[in-house]
Amino acid sequence: MAQIRIEHVRKEFGAFTAVQSSSFTIEDGEFFMLLGPSGCGKTTTLRMMAGLELPTSGEIYIDGEEVGMKPASQRDIAFVFQMFALYPHLNVGKNISYPLISQGMPQAQAKKKVGEIAEILGITDILNKPVGGLSGGDRQRVALGRAIVRDPKAFFMDEPLGALDAEFREHMSEELRALHDRMNATTVYVTHDQLEAMQMGDKIVVMNHGVVEQFGVPQNIYDWPATKFVAQFIGSPPMNFLDFRGMLGVGESKVCLGEAEFEVPRMLDGANGDLTFGVRPEHIKLDDAAPYRGQVSAVEYLGTTQIITLDTSNGTVKARVASSDKVSVGERVGLRFDPRTVSIFNADTGHVLKSEANEGVLNHG
Amino acid sequence: MSFSVTEPTNGTKWFAGILVVAYAVITIIPLLWIIATGLKSPADSISYPPVVVFEPTLEGYVNLFTDRTRATEDMLEEAGPPQTWYEEIARERGTIISGPSRYGERFLNSVIIGFGSTALCMILGTAAAYAFSRFRVPLKDDLLFFILSTRMMPPIAVAIPIFLMFRNLGLNDTHLGMILLYTAVNLSLSVWLLKGFIDEIPIEYEEAALIDGYTRFQAFYKVVLPQAATGIASTAIFCLIFAWNEYAFAVLLTSGTAQTAPPFIPNIIGVNGKDWPAVAAGATIFLVPVMVFTVLLRKHLLRGITFGAVRK
Ligand SMILES: Nc1ncnc2c1ncn2[C@@H]1O[C@H](COP(=O)(O)OP(=O)(O)O)[C@@H](O)[C@H]1O
Ligand SMILES: [Mg+2]
């Protein structure tokens with residue numbers, strides 16, 4: 001098993017920069033998520049770590065050893081491809097034993113090992129079948145079998161559930177996570193699905209346009225986004241943004257949105273100009289006594305909670321409130337924001353301003 | 001446009017069946033005619049109206065494989081009674097077998113040149129197609145267009161320069177020369193067809209093999225080749241059919257050592273131009289290798305000749 005460290009890794013395809021100076025560390029045994037929208041450079045980053053693509057610059061360390069220019073076959077990692085890449089001319093058992101045979105393991109020993117793996121994955125009964133007729137889930141298991149059979153230093157998976165039906169994804173993601181916990185192997189998992197990343201990951205790195213936006217444990221990333229992009233990409237509905245102009249001094253803990261004054265965590269950065277007040281939907285309370293008002297434009301009922309869409313003088317806001325709160329479209333209501341959970345962003349750069357609340361998270365990541 | 005999703009009625013099935021059978025009969029009749037002519041006597045073969053029911057004889061085949069001389073009384077006496085069934089057939093026509101004909105050699109030349117050029121074409125074509133499909137080749141599109149452009153005129157249009165070139169290089173009437181020539185003609189089509197097939201094989205298979213510990217060449221050999229088998233087989237059939245049947249270059253560039261069967265077969269007819277059964281026998285035997293080759297590779301063909309449009 002292995003620790004993997006990426007330092008200032010950059011990848012250019014001709015004039016196009018797919019990955020810009022990324023740095024992060026994956027600890028031994030972690031289930032690590034590479035999260036970001038399509039085309040942001042997740043696959044490219046993973047392929048550089050695996051040795052399928054050479055970085056333009058930067059270093060990649062596996063267990064302290066620089067491997068940036070080493071071929072894939074010498075890195076001792078396993079890769080699960082998005083479309084599984086099972087060899088169609090081989091049956092299930094042969095697909096799984098393929099990496100062992102290529103390393104020169106005797107047939108009998110390989111067969112025994114395949115048997116054990118098949119047991120773990122529950123595919124013993126299909127070992128002699130051709131891979132052509134398998135269901136998506138079984139293909140996925142065979143691909144996993146081929147990856148784990150070798151006891152590699154790390155598993156790399158590129159959207160491994162992307163090819164499966166929605167209902168099956170849930171099941172398979174639990175299976176994957178259970179398998180990881182059982183083997184305790186370092187796993188790097190690429191996904192564009194923020195829910196999947198939050199559910200499965202020990203740690204998440206969020207990428208956008210080839211840039212690492214933030215990196216840390218899911219809870220911290222959710223609560224204390226480093227950029228507006230992260231705030232919006234994670235969470236459903238995403239964080240609300242209220243735009244305002246103002247001046248914030250170091251040490252202040254109040255901002256004014258128009259007439260209304262709000263408490264915020266004590267600022268460690270000052271700013272002057274276009275700012276964004278960020279608050280998660282579940283941290284908004286409806287309170288008729290509150291001075292800050294909004295008009296309800298939609299109500300979406302979700303069982304125990306409901307999503308209220310409101311128009312305010314600083315933009316549209318979505319609040320997640322208990323279903324027992326009675327609101328109707330057209331009504332004007334007062335809003336309160338939980339002062340401990342607010343983030344203030346520089347609207348031009350998109351970066352969050354450092355406060356006492358998010359300092360720990362930002363310095364760590 | 002949409003396709004009917006209802007089951008065809010019995011009437012339509014019958015109609016389709018009759019059409020297919022009719023088409024098959026029309027295309028097979030010339031073939032049967034040749035096979036039948038090979039088994040006729042020379043007289044039956046040119047009788048008019050043509051005879052359909054006749055007494056089969058192997059005379060055509062005997063004439064195909066032997067050289068004969070008209071026998072005088074002395075010669076017959078000297079030779080004694082015929083020892084074999086084919087000598088007997090020759091004697092009936094008042095001739096004596098003086099030795100084997102050259103058909104065997106010519107046929108062997110066709111085999112060497114046809115299969116040799118097909119093999120060479122597959123090796124070069126697969127390697128080039130793989131490179132074009134997988135690597136960053138500078139000026140890739142221009143090169144591919146250039147390769148295709150070599151096939152834009154009929155090959156025989158350059159017969160005279162090739163004739164001169166071959167004479168200067170000493171390639172006239174050699175197996176090597178003909179193999180190179182047919183390979184050159186077939187290569188452009190092969191590269192294009194094979195590139196299409198290799199493009200369809202997801203690159204992840206090779207990458208998986210690389211990660212599993214194989215070298216690039218091993219990945220090509222053990223992963224790409226088995227999956228490209230369909231494409232290689234169908235491309236090989238196209239190449240073989242061209243090289244096997246090619247007539248014009250063979251007439252121009254070969255006369256002895258390396259002459260293939262197609263320019264030889266018309267000569268079999270003999271000086272008085274009557275020996276159609278021997279010609280038909282020569283043509284019949286000539287058909288066999290391509291047919292065997294095609295039948296052996298037929299399971300690859302359906303997917304192959306539709307250029308991957310039909311999926312399993
Ligand atoms: N081999 C390549 N040549 C040129 N551009 C590429 C290549 N691979 C990826 N890219 C580009 O790099 C960007 C990032 O791609 P990728 O890493 O696959 O994104 P993701 O996996 O996050 O969707 C995309 O814009 C893609 O078009
Ligand atoms: Mg991707």
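Modeller: The account below begins with the ligand shell and then turns to the domains, a sheet, a helix residue and the chain contact.

The model is predicted, so local features are given only at pLDDT of at least 70 and side-chain atom pairs only at pLDDT 80 or more, whereas totals for chains, interfaces and linings use all residues. Residues are numbered from 1 along each chain as its sequence is written, and chains are lettered from A and ligands numbered from 1 in the order in which they are written.

Around ligand 1 stand Phe13(A), Phe16(A), Ala18(A), Gly36(A), Ser38(A), Gly39(A), Cys40(A), Gly41(A), Lys42(A), Thr43(A) and Thr44(A); a residue belongs here if its C-beta atom, placed from the backbone, lies within 6 Å of the molecule. Two elements of chain A, β2 (16–26) and α1 (42–50), each give two or more residues to this shell. Helices (H or I, at least four residues) and strands (E, at least two) are DSSP runs, numbered from the N terminus. The largest share comes from α1(A), with three residues. By class, the shell holds four nonpolar, six polar and one charged residues, where Ala, Val, Leu, Ile, Met, Phe, Trp, Tyr, Cys and Pro count as nonpolar, Asp, Glu, Lys and Arg as charged, and the others, Gly among them, as polar.

Chain A is divided into domain 1 (4–223) and domain 2 (239–364), with bounds from an automatic or database domain assignment. The C-alpha centres of these two domains lie 38 Å apart.

Chain A also has an open, antiparallel sheet of three strands in the order β11-β14-β20; strands pair if DSSP finds at least two bridges between them. Because β11 (240–248) and β20 (343–346) of chain A each have a single partner strand, they form the edges, and one side of each lacks a neighbour in the sheet. Nine bridges join β11(A) to β14 (residues 271–279) of chain A in the antiparallel sense, and Phe244(A) has Leu275(A) as its bridge partner in β14(A).

Helix α5 (residues 166–183) of chain A contains Leu179(A).

Finally, the contact between the chains takes 14 residues from chain B and 18 residues from chain A, counting residues whose C-beta atoms, placed from the backbone, lie within 7 Å. On the side of chain B that touches chain A, α10(B) gives the most, with six residues.

Methods. Two residues are in contact if their C-beta atoms, placed from the backbone, lie within 7 Å.
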